[in-house]
Structure formats: structure tokens, C-alpha cells
Amino acid sequence: MKQQYIVKDKFDTQLIEMIKNKITAVLGPTNTGKTFLAIETLLSFDTGMIGFPLRLLAREVYDKVITRVSKDKVALITGEEKIIPLNAKYFLCTVESMPIDKNLDFVGIDEIQMCSDQERGHIFT
């Protein structure tokens, strides 16, 4: 069964509100809902983008988001796939493929600790 993060209580709502208009690092052990919190936060804004370290993770999140938001509002940009609707509001990308010419309300980087990687770390900065 796939895990799905749903804003389920006052704490979750307060956490999303706390993240708005700030630079925030969400830290925690593996499989504690950090990526799902990022998705919920993304969708709480009018526009936004999340960069992922892996193409398959970007694709998995894209597939989940298009079940909640009209497909013509969500872009997937990786080194191998480009699905960019004209009216895209949300961009799900590999970090290397994140467009820098967008004016967005929210930007998240998943697995930011990868910035210390010798081969790919410079892409995260």
C-alpha cells in the first residue's frame, strides 16, 4: 500500500503555515513524511517547484500530484522526460533540470544533504 501524507490535524496545518514565507529545513529520519510534507506545502501555494535527486522520484511524485491537480497544471522536467503544459503552475523536476527563469511562490529541494556529494553536489547550490 502506498503511503500518502494527508494534512490531518491542527499541527500539520500549523507546520505548513510556519513554512510559508521562510527558508525552512525539514529534517528527520527516513520514511517520516518529509517529502509528503513538501508536496502538501507545494500544493498549498498557487505556484511552486520541487527538485528531486532522482528521476524516478520526480516521476512518482508527478503521478501522485496529477491525481489531485489538473494534469494541465503540472510539469515534469527531468533529463529524460519533459511534460510542460502551457499553463503549468507546479513543476516537479530533477535538481539538474529545475528551470531558473520561473517566478514561483514555493521552491523545495528534496534530499538537500546531497549538496555534499562530490559529483552532483554543485547542482544543489
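This is a predicted model: local features need pLDDT of at least 70, side-chain atom pairs count only at pLDDT 80 or more; totals for chains, interfaces and linings use all residues.
Reader: What share of the protein's residues is buried?
Author: Buried means under 20% relative accessible area, exposed over 50%, and partly exposed in between (1.4 Å probe, protein chains only). The protein has 125 residues. Buried residues make up 40%.

Reader: What percentage of contacts between residues at least 6 apart in sequence join residues at least 24 apart?
Author: Contact means heavy atoms within 4.5 Å. Take the contacts between residues at least 6 apart in sequence. Those joining residues at least 24 apart make up 51%.

Reader: How many residues of H2 are buried?
Author: H2 is mostly covered. Its buried residues are Thr 35, Phe 36, Leu 37, Ile 39, Glu 40, Thr 41, Leu 42 and Leu 43.

Reader: Are H2 and H3 roughly parallel, roughly antiparallel, roughly perpendicular or oblique?
Author: Axes are lines fitted to C-alpha atoms, for helices over the stretch in contact, and angles run from 0 to 180 degrees between N-to-C directions. The axes of H2 (residues 34–44) and H3 (residues 55–65) come within 12 Å and cross at roughly 50°. Angles under 35 degrees count as roughly parallel, over 145 as roughly antiparallel, 65 to 115 as roughly perpendicular and the rest as oblique. That makes H2, relative to H3, oblique.

Reader: Which residues make the contact between H2 and H3?
Author: The contact residues divide into 5 nonpolar, 1 polar and 1 charged. Here Ala, Val, Leu, Ile, Met, Phe, Trp, Tyr, Cys and Pro count as nonpolar, Asp, Glu, Lys and Arg as charged, and the others, Gly among them, as polar. H2 supplies Thr 35, Phe 36, Ile 39 and Leu 43. H3 supplies Val 61, Lys 64 and Val 65.

Reader: Which residues touch the most other members of the largest nonpolar core?
Author: A nonpolar core is a set of buried Ala, Val, Leu, Ile, Met, Phe, Trp, Tyr and Cys residues joined through side-chain atoms within 4.5 Å. The largest has 17 residues. H2, E1 (48–52), H3, E2 (74–77) and E4 (90–94) each supply at least two residues of this core. Touching the most other members are Ile 39, Leu 42, Leu 43, Ile 50, Val 65 and Leu 92.

Reader: Which residues does Ile 39 touch, not counting residues up to four places away in sequence?
Author: Ile 39 is one of the buried residues of H2. It is also part of the largest nonpolar core. Beyond those four places, Ile 39 touches Ile 50, Val 61 and Val 65.

Reader: Is Phe 91 buried or exposed?
Author: Phe 91 is found in strand E4. Its contacts beyond four places in sequence include Gly 48, Ala 75, Ile 84 and Lys 102. At 4% relative accessibility, Phe 91 counts as buried.

Reader: How far apart in space are Lys 102 and Phe 91, C-alpha to C-alpha?
Author: Lys 102 lies in the loop between E4 and E5 (106–109). At 39% relative accessibility, Lys 102 counts as partly exposed. Lys 102 and Phe 91 are 11 residues apart in sequence. In space, C-alpha to C-alpha, the separation is 9.7 Å.

Reader: What phi does Asn 31 have?
Author: Asn 31 lies in the loop between H1 (10–19) and H2. At 61% relative accessibility, Asn 31 counts as exposed. Asn 31 is not a glycine, yet its phi is positive, about 65°.

Reader: What distance separates the C-alpha atoms of Arg 55 and Glu 80?
Author: Arg 55 is in helix H3. At 30% relative accessibility, Arg 55 counts as partly exposed. Leaving aside neighbours within four places, Arg 55 is in contact with Thr 78, Glu 80 and Thr 94. Arg 55 and Glu 80 are 25 residues apart along the chain, and their C-alpha atoms are separated by 8.0 Å.

How values were computed
Residues are numbered from 1 along each chain as its sequence is written. Side-chain values use heavy atoms; hydrogens and water are left out. Helices (H or I, at least four residues) and strands (E, at least two) are DSSP runs, numbered from the N terminus.
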